[in-house]
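Please find below a short note on the structure, arranged as numbered points. It may be read with the sequence and the model side by side.

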Amino acid sequence: MNKKYYFSHDINAIQDVKIQYLLAKFGGVAYALWWRVIEMLHEAEENKLPHKEYYYLALENQLKIDKDIVKDFIRCCIDEVELFRCDGNYFWNERVYENVNKMNETKQKQSEAGKISASKRKQTSTYVEQVLESTSSSVEVKSTNININKKDIPTLEDVMWFFVDNGYTAKAGEQAFNYYEQGKWIDSKGNKVKNWKQKMRGVWFRDEHKINKPTVANFTMPIN
């Protein structure tokens, strides 16, 4: 299966003594070889690459570097600087293993967070439906000294989902709606609520009304 990973590395990786050794021995091509091999290890099945002649030919074709140089580079990384480990048939890099494991752990946490979020949204949807069943979502505006246009007035459902979509509880949205509905959409200063979304953001979007969301830890994994 084709896998795509994004990994970060130290901006001063070139200062690593083992990388410096490779540069001294092979020149600038060592840096190109190193990072291309690391990329291929991330993509490879089980994150191992074959210690075989055809692999060196493949790299020769990709990077236009003689396969004997490639072969000697891999041997040097295994035997001299010990950046790769080898069982005779395959070679690998322990830091790549760690990186992939952390990426998989993060992916799992994101998946679990997504399931929790979906579950909470389902519960919220059920709550909204229950509230709407128990009360009318239509708005009737009675006569008042201040002219209020019905199109400026949201439904209960509008307000509840506006809260949820912005990270606040449907319950808080219900409370906000009922507050202004009972006051005929006139605020505490006697002014008509002209922009209900702005009013909700400015008055009702408070920390105590926030939905508790799961957090996923980030990671940074240098490869060298």
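Against which helices do the buried residues of α1 pack? The points below take up this matter after a brief overview; the model is a predicted one.

1. Overall make-up. The secondary structure of the chain consists of eight helices and three strands. The chain has 224 residues, of which 34% count as buried.

2. Contacts and surface. When contacts between residues at least 6 apart in sequence are considered, 68% of them join residues at least 24 apart. The chain exposes about 14000 Å².

3. The packing of helix α1. Helix α1 covers residues 17-26, and its buried residues are Ile 19, Leu 22 and Phe 26. Viewed down the helix axis, these buried residues fall within an arc of 60°, so they line one face of α1. Val 17 and Ala 24, on the other side of the helix, are exposed. The opening question can now be answered: the buried residues of α1 pack against α2 (29-43) and α4 (67-79).

4. The N-terminal end of α1 is capped by Asp 16. In this cap, a side-chain oxygen of Asp 16 lies 2.8 Å from the backbone nitrogen of Lys 18. After the helix comes Gly 27, which has a positive phi, near 85°.

5. Helix α8. Helix α8 comprises residues 196-204, and within it Trp 196, Met 200 and Trp 204 are buried. Seen down the axis of α8, the buried residues fall within an arc of 45°, so they line one face of this helix. On the other side of α8, the exposed residues are Gln 198 and Gly 202. The buried residues of α8 pack against α6 (156-165) and α7. The N-terminal cap of α8 is Asn 195, with a side-chain oxygen 3.3 Å from the backbone nitrogen of Lys 197.

6. Glu 174 in helix α7. Is Glu 174 buried or exposed? Its relative accessible area is 14%, so Glu 174 counts as buried. Glu 174 is placed in helix α7, which runs over residues 170-182. Leaving aside neighbours within four places in sequence, Glu 174 is in contact with Tyr 127, Val 131, Leu 156 and Met 160.

7. Cysteines and disulfides. A disulfide is a covalent bond that joins the sulfur atoms of two cysteines. How many disulfides does a search of the whole structure find? The search finds zero. For comparison, a disulfide requires the two sulfur atoms to be within 2.5 Å. Cys 77 is likewise in no disulfide, the nearest cysteine sulfur being that of Cys 76.

8. Burial of the cysteines. Cys 76 is buried, with a relative accessible area of 0%. Cys 77 also counts as buried, at 0% relative accessibility.

Notes: Residues numbered from 1 in each chain as written. Predicted model: local features only at pLDDT ≥ 70, side-chain atom pairs only at ≥ 80, totals over all residues. Heavy atoms only, no water. Buried < 20%, exposed > 50% of the residue type's maximum accessible area, 1.4 Å probe, protein only. Helix = DSSP H or I, 4+ residues; strand = E, 2+ residues; numbered from the N terminus. Contact = heavy atoms within 4.5 Å. Arc of directions from axis to C-beta. Polar contact = N/O pair within 3.5 Å; in protein donor to acceptor, adjacent residues only side chain to side chain. Areas by Shrake-Rupley, 256 points an atom, 1.4 Å probe, with all protein chains shown as cover.
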